[in-house]
Amino acid sequence: MDLNSDLAEGFGRWELSDDEALLRIVTSANVACGYHAGDATVIREAVEQAAKQGVVVGAQVGYRDLAGFGRRFIDVPPRELANDVIYQIAALAGFARIAGTEVAYVKPHGALYNAIVHHADQAAAVVEAVRTYDPSLAVLGLPGSQWLEQAERAGLRVFREAFADRAYTPEGTLVSRREPGAVLHDPEVIAERCLRLAAGEPIEAVDGSQIRVAADSICVHGDSPGAVAIAEAVRDRLVASGVQLQPFAARGL
């Protein structure tokens with residue numbers, strides 16, 4: 001099982017997560033590319049730390065929405081969205097290159113992530129961006145999403161993601177952050193749920209029903225309160241139970 005986290009989400013003097021601590025725990029780093037968060041210095045530092053720790057780097061691409069942290073849907077024309085995604089991947093790839101590593105996968109962020117679960121045109125635009133830039137890149141997203149279905153049809157390497165600290169609807173999608181209980185906070189409860197995810201067992205949806213979420217990678221949000229403690233609890237529980245942690249998109253790194 002892979003364990004990933006969203007990093008480089010600070011900007012200037014504002015620091016949102018403890019990237020250095022998280023990079024000692026996770027196996028894959030979803031690095032912000034400057035559109036929803038991250039400036040050049042923050043991004044470079046995150047990539048250099050990831051390379052030092054042997055953590056695989058992925059491009060976390062999003063809408064051009066710094067003020068809203070990429071969590072507001074934007075009705076971007078498909079060609080413009082594809083160009084925005086290419087721009088973000090390429091920017092991160094430059095920093096990865098000088099750090100002695102590379103971008104191995106692409107994961108959309110926030111509102112874009114949720115939109116392309118069902119928004120076929122925007123999903124197609126992101127798929128086309130990845131395929132055009134580098135068809136050897138892996139892609140990470142929600143199981144059953146338009147994003148992953150279209151990516152697979154386009155010949156991209158597809159991997160499924162579950163969320164350690166987010167509540168699920170009975171349909172297997174994420175509960176909106178505007179709803180109560182959308183974000184989980186208890187490290188022990190989260191760790192136990194992640195063990196069930198790794199074992200392919202059902203987890204509890206927000207309405208109390210049991211759902212199955214197939215996953216190749218589990219995400220712990222870096223901006224959540226107590227993110228480091230949560231990530232440590234998840235890692236320790238998985239390792240103690242015999243789950244091997246390894247990146248899903250190593251590409252020989």
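Colleague: Why is D65 called buried?

Modeller: In this predicted model, D65 has a relative accessibility of 5%. Buried means under 20% relative accessible area, exposed over 50% and partly exposed in between, all with a 1.4 Å probe on protein chains only, so D65 at 5% counts as buried.

Colleague: And what makes R72 partly exposed?

Modeller: The relative accessible area of R72 is 43%, which falls in the in-between class, so partly exposed is the label.

Colleague: How do you know that D65 and R72 form a salt bridge?

Modeller: Their side chains meet at 2.5 Å, N to O. The call needs a side-chain nitrogen of Lys or Arg within 4 Å of a carboxyl oxygen of Asp or Glu, so this pair makes it. While we're on salt bridges, D6, K107 and E161 are joined into one network through shared partners.

Colleague: How many salt bridges does a search of the whole structure find?

Modeller: Twelve. One of the pairs is D6 with K107, at 3.4 Å from N to O. D6 sits in strand β1 and K107 in strand β4 (residues 103-108), so the pair ties together parts 101 residues apart in sequence. Strands here are DSSP E runs of at least two residues, and helices are H or I runs of at least four, numbered from the N terminus. Both D6 and K107 are buried.

Colleague: Where is A8, and which residues is it in contact with?

Modeller: A8 is in the loop between β1 (2-7) and α1 (19-22). With a relative accessibility of 0%, A8 counts as buried. Contact means heavy atoms within 4.5 Å; beyond the neighbours within four places in sequence, the contacts of A8 are D19, V31, A32, A37, G38, V42, I43 and A46.

Colleague: What is in the largest nonpolar core?

Modeller: That core has 74 residues, and V31, L92 and Y168 have the most contacts inside it. A nonpolar core is a set of buried Ala, Val, Leu, Ile, Met, Phe, Trp, Tyr and Cys residues joined through side-chain atoms within 4.5 Å. L92, leaving out its neighbours within four places in sequence, is in contact with V31, C33, I43, V47, V57, G58, A59 and V103. Another core, of eight residues, lies apart from the largest one, and includes Y105, A138, F248 and A249.

Colleague: How many disulfides turn up?

Modeller: Zero in the whole structure. For C33, the nearest cysteine sulfur belongs to C219 and is 15 Å away; a disulfide needs two cysteine sulfur atoms within 2.5 Å, so C33 is in none. C219 has the sulfur of C194 nearest, at 9.8 Å, and is in no disulfide. C33 is buried at 7%, and C219 is buried at 0%.

Colleague: How do you know that the length of helix α8 agrees with its number of residues?

Modeller: Helix α8 (residues 227-240) has 14 residues. The expected span is 1.5 Å times one less than the number of residues, which gives 20 Å here, and the end C-alpha atoms are 20 Å apart, so the two agree. Likewise, the twelve residues of α7 should span 16 Å, and its end C-alpha atoms are 16 Å apart.

Colleague: Which residues of α8 are buried, and why say they line one face?

Modeller: They are A227, I230, A231, A233, V234 and L238. Just after α8, G242 takes a positive phi of about 90 degrees.

Colleague: What covers the buried residues of α7?

Modeller: The cover includes β6 (157-163), β7 (203-204), β9 and α8. The buried residues themselves are I190, A191, R193, C194, L195 and L197.

Technical notes. Residues numbered from 1 in each chain as written. Predicted model: local features only at pLDDT ≥ 70, side-chain atom pairs only at ≥ 80, totals over all residues. Heavy atoms only, no water.
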